[in-house]
2 protein chains.
Amino acid sequence: VQGSGQGEALIERLVGELARLPGIGQRTASRLAYFLLTRSCAAISPQGATRQAEDLAQALVDASRGIRLCVTCANLAVAEQCRICADPRRDRGLLCVVEGIAELRAFEASGGYRGIYYVLHGVLNPLEGVGPDDLNMTHLCSRLRDVEEVVLALNADVEGDTTALYIAKMLRDHEVRVSRLATGIPMGGELEYMDAGTLARALTERRVLH
Amino acid sequence: VQGSGQGEALIERLVGELARLPGIGQRTASRLAYFLLTRSCAAISPQGATRQAEDLAQALVDASRGIRLCVTCANLAVAEQCRICADPRRDRGLLCVVEGIAELRAFEASGGYRGIYYVLHGVLNPLEGVGPDDLNMTHLCSRLRDVEEVVLALNADVEGDTTALYIAKMLRDHEVRVSRLATGIPMGGELEYMDAGTLARALTERRVLH
């Protein structure tokens, strides 16, 4: 049948692109593709066809063209500097190193942080071949002019610990205090149900490394 | 800061479009958006920026413009009729009613079916307000010219049962046999671990409704 191979190719390409997203496998990608394509097809429901696939496409293009990385901290930005780095009210003495945008946003949403950030876009993972050069790590030392303290706000897991240790070593010869987030009991957590590791580390709050 | 609100709006719009996809919540949508935007931003890794967001956008646009619904069976198609309806080797006497494209593809992948299909694009769900007019159901009766048997290949759950019952009633006055898929032990399933309901229905294979 004329054009049928072309149709398969269009669907396969869409499924392939969706399956490249983190946490989305081949089966989920197919389901999403069928959903979007049937939505954009001629009406089967009284509401008629929606432009959902094209709306998503336009949002992707607009965002990827309109957004870039802040030259200072590698946060998402529309100008050369992100909203936070360009804000004169932020405390330039306190720099918070985070793994990614999601973590930066979580701190912003908490409302309790008034310093600036530095986004690594990943953590060290020797087992998967992720080294310092694969991350936004090398520029950190040149961002320390007014900084008095660097808070390593990384996950309390092996990769987070490895990365924090590496950066702490890297900053040893700089005139900055280096700290990590307090590890301990989360808000609302009940001591009775905490694991031994959390309990053991819960007495210390912010740990000054050097 | 100039343009920062605009940047937030671009990101929020992308997150919003991603969160409209089935099975993708607000948090996953944010994670996907940050992933795609950091990928498309200026290089932080030696590989440099990728065009992943724009590749996905282009795949969406191409597929949604190139694909439509088959006028006969509502399968995805590039021409007026889908590959299956246009194939003269398919058995027009056997029509398989399926919930969606994923189910149609599963039957095609099984390689064991040589008849044609009819895609409902959903199932009846009175509790969520999904009635017959919200599905591709009304045209079924006009698709029965050469059909000898209609197989209702719907899920073995409440919505599938409801939908099968409704269609079976709708077809009562037509000269077609109406059947459902056999419910029973899945291939490789061990009797010892089957639930009572499956065991109870496992003795019947294809159940002729009328």
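Helices and strands here are DSSP runs, numbered from the N terminus, and that naming places A156(A) in the loop between β5 (149-152) and α5 (158-170) of chain A. The close-ups below all come from a predicted model.

**View 1. A156(A), a loop residue between β5 and α5 of chain A.**
Here is a residue at the surface: with a relative accessibility of 58%, A156(A) counts as exposed. Setting aside neighbours within four places in sequence, A156(A) is in contact with R180(A) and T183(A). For a sense of scale, S30(A) lies 126 residues from A156(A) in sequence, and their C-alpha atoms are 35 Å apart in space.

**View 2. Helix α3 of chain A packs against helix α3 of chain B.**
Two packed helices are described by the angle between their axes and the distance between the axes. In this pair, each helix covers residues 52-66 of its chain, the packing angle is about 155°, and the axes are 8 Å apart. Because angles over 145 degrees count as roughly antiparallel, α3(A) is roughly antiparallel to α3(B). The crossing of α3(A) past α3(B) is left-handed. From α3(A), the contact is made by A53(A), E54(A), L56(A), A57(A), L60(A), V61(A), S64(A) and R65(A), and from α3(B) by A53(B), E54(B), L56(B), A57(B), L60(B), V61(B), S64(B) and R65(B). Taken by type, the residues of this contact comprise ten nonpolar, two polar and four charged.

**View 3. Strand β4 of chain A and its pairing with β3(A).**
Look for β4(A), residues 115-119: five of its five residues are buried, so the strand is largely enclosed by the rest of the structure. Strand β3 (residues 91-98) of chain A pairs with β4(A) in the parallel sense, over five bridges. Within this pairing, C96(A) stands opposite Y117(A) of β4(A).

Most residues other than glycine have a negative phi. A74(A) sits in the loop between β1 (68-69) and β2 (76-77) of chain A. This alanine, A74(A), is buried, with a relative accessible area of 5%.

**View 4. H121(B), a non-glycine residue with a positive phi in chain B.**
The phi of H121(B) is near 60°. H121(B) belongs to the loop between β4 (115-119) and β5 (149-153) of chain B. Is H121(B) buried or exposed? With a relative accessible area of 15%, H121(B) is buried.

How values were computed
Residues are numbered from 1 along each chain as its sequence is written. Chains are lettered from A and ligands numbered from 1 in the order in which they are written. This is a predicted model: local features need pLDDT of at least 70, side-chain atom pairs count only at pLDDT 80 or more; totals for chains, interfaces and linings use all residues. Side-chain values use heavy atoms; hydrogens and water are left out. Axes are lines fitted to C-alpha atoms, for helices over the stretch in contact, and angles run from 0 to 180 degrees between N-to-C directions. Helices (H or I, at least four residues) and strands (E, at least two) are DSSP runs, numbered from the N terminus. Angles under 35 degrees count as roughly parallel, over 145 as roughly antiparallel, 65 to 115 as roughly perpendicular and the rest as oblique. A crossing is left-handed if the near helix is turned anticlockwise from the far one by less than a right angle, and right-handed if clockwise. Contact means heavy atoms within 4.5 Å. Ala, Val, Leu, Ile, Met, Phe, Trp, Tyr, Cys and Pro count as nonpolar, Asp, Glu, Lys and Arg as charged, and the others, Gly among them, as polar. Buried means under 20% relative accessible area, exposed over 50%, partly exposed in between (1.4 Å probe, protein chains only). Two strands pair if DSSP finds at least two bridges between them.
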